[in-house]
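Subject: Structure handover

Hi,

My notes on what turned up follow below it.

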Amino acid sequence: MALPLLKYAPTTQNSRVAALRVGSDEDPKAVSMDKAMDREDQNFVIEAAYRQLFFHAFKVDRDRTLESQLRDGQITVRDFIRSLALSDTFTRSFYNLNSNYRVARHLVEKLLGRPTYGKSEEIAWSAVIMTRGIRGAVDDILNSQEYLDNFGYDTVPYHRNRVVGSRDLGETPFNITTPRYEAYYRGILGFPQIVYTGTARTLPERASQRRGGFPQDYLPWVRTLPALRTRGGSSGNTGIDYLAKVPYRSLGR
């Protein structure tokens with residue numbers, strides 16, 4: 001039995017108020033197929049869709065049939081986004097490696113272009129995924145009035161409202177705040193890893209020459225010294241009464 005979408009409230013009263021700000025370089029750039037004039041523009045729209053859903057698409061992750069249908073106008077951008085969200089790549093890379101809560105967060109961030117309204121919205125969409133599967137959740141989001149009002153049929157979803165008033169920095173991109181793998185699978189796969197792909201810097205030969213003054217230069221001389229012997233057979237200075245050896249100095253002297 002499919003459950004209806006649970007009701008959830010915005011995190012603040014201004015969550016659904018249109019942003020009023022002066023345009024800047026950080027404003028989101030809408031990429032739409034209806035503005036594509038040539039094949040190069042169409043390829044830019046397709047690349048933007050792949051980046052939005054997969055962050056980076058390898059050659060094996062691409063669907064040439066869908067790309068051809070989108071260029072010929074047989075499907076809309078919204079249909080292309082739906083196919084990518086239900087593709088084997090998204091299933092293997094996101095759905096199978098995360099809980100329903102994180103999948104719901106992924107879908108809201110990538111398809112609606114905004115963060116979730118707290119844990120209540122994650123629970124609401126995770127209930128849809130539990131009862132109707134990933135396909136039901138994707139269809140409901142793409143058919144929602146919020147998606148149609150912001151992106152319509154020909155615009156690729158993007159991160160909305162990156163510029164936040166009264167802040168020096170805007171919102172962090174979703175691919176950083178919500179990585180592809182959750183902590184459990186990152187531990188299994190050994191993430192994060194630091195992979196250095198540059199050229200290792202080597203020191204010149206003159207840097208390895210000894211010029212004196214290094215402590216290790218005195219190690220052969222120290223080894224030639226006779227072993228120190230203490231009276232009473234005790235080793236070290238642990239038995240010395242340091243306070244008794246401090247000279248007494250009274251006030252006035």
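Axes here are lines fitted to C-alpha atoms, and angles run from 0 to 180 degrees between N-to-C directions. Please keep in mind that this is a predicted model.

**Overall**

The protein has 11 helices and 0 strands. From the N terminus on, the order of elements is α-α-α-α-α-α-α-α-α-α-α. Of the 253 residues, 31% are buried. Take the contacts between residues at least 6 apart in sequence: 66% of them join residues at least 24 apart.

**Helix 2 and helix 3**

Helix 2 covers residues 64-71 and helix 3 covers residues 77-85. Their axes come within 10 Å and cross at roughly 170°. Angles over 145 degrees count as roughly antiparallel, so helix 2 is roughly antiparallel to helix 3. On the helix 2 side, L66, E67 and L70 make the contact. On the helix 3 side, V77, F80 and S83 do. Sorted by class, that contact has 4 nonpolar, 1 polar and 1 charged residues.

How many of the 9 residues of helix 3 are buried? The count is 7, so helix 3 is largely enclosed by the rest of the structure. The buried residues are V77, R78, F80, I81, R82, L84 and A85. They pack against helix 1, helix 2, helix 4, helix 5, helix 6 (118-142) and helix 7 (145-150).

**Helix 4 and helix 5**

This pair has another geometry to look at. Helix 4 (residues 88-95) packs with helix 5 (residues 100-112) at an angle of about 125°. Their axes are 11 Å apart. The two helices are therefore oblique to each other. Helix 4 contributes F90, F94 and Y95 to the contact. Helix 5 contributes N100, V103, H106, L107 and K110. By class, the contact has 5 nonpolar, 2 polar and 1 charged residues.

**Aromatic pairs**

A pair of aromatic rings is described by the distance of the centres and the angle of the planes. The count comes to 5 aromatic pairs. Two of them are set out here.

- Y50 and F54 form a tilted pair, 6.2 Å centre to centre with 35° between the planes. They are 4 residues apart in helix 1 (residues 39-54), so about one helical turn separates them. Y50 is buried, with a relative accessible area of 1%. F54 is buried too, at 2% relative accessibility.
- F90 and F94 form a stacked pair, 4.8 Å centre to centre with 20° between the planes. They are 4 residues apart in helix 4, so about one helical turn separates them. Both F90 and F94 are buried.

Why does that spacing matter for direction? An α-helix has 3.6 residues a turn, so residues three or four places apart point the same way.

F90 and F94 belong to the contact of helix 4 with helix 5.

**Charges over rings**

Which ring has R51 over its face? The ring is that of F44, with R51 at 5.9 Å from the ring centre. The charged end of K119 sits over the ring of Y101, 4.6 Å from its centre.

Best wishes

Technical notes
Residues are numbered from 1 along each chain as its sequence is written. This is a predicted model: local features need pLDDT of at least 70, side-chain atom pairs count only at pLDDT 80 or more; totals for chains, interfaces and linings use all residues. Side-chain values use heavy atoms; hydrogens and water are left out. Angles under 35 degrees count as roughly parallel, over 145 as roughly antiparallel, 65 to 115 as roughly perpendicular and the rest as oblique. Contact means heavy atoms within 4.5 Å. Ala, Val, Leu, Ile, Met, Phe, Trp, Tyr, Cys and Pro count as nonpolar, Asp, Glu, Lys and Arg as charged, and the others, Gly among them, as polar. Rings of Phe, Tyr and Trp (its six-membered ring) pair if their centres lie within 6.5 Å; planes under 30 degrees apart count as stacked, over 60 as edge-to-face and the rest as tilted. Buried means under 20% relative accessible area, exposed over 50%, partly exposed in between (1.4 Å probe, protein chains only). A charge sits over a ring if NZ of Lys or CZ of Arg is within 6 Å of the ring centre and within 35 degrees of the ring normal.
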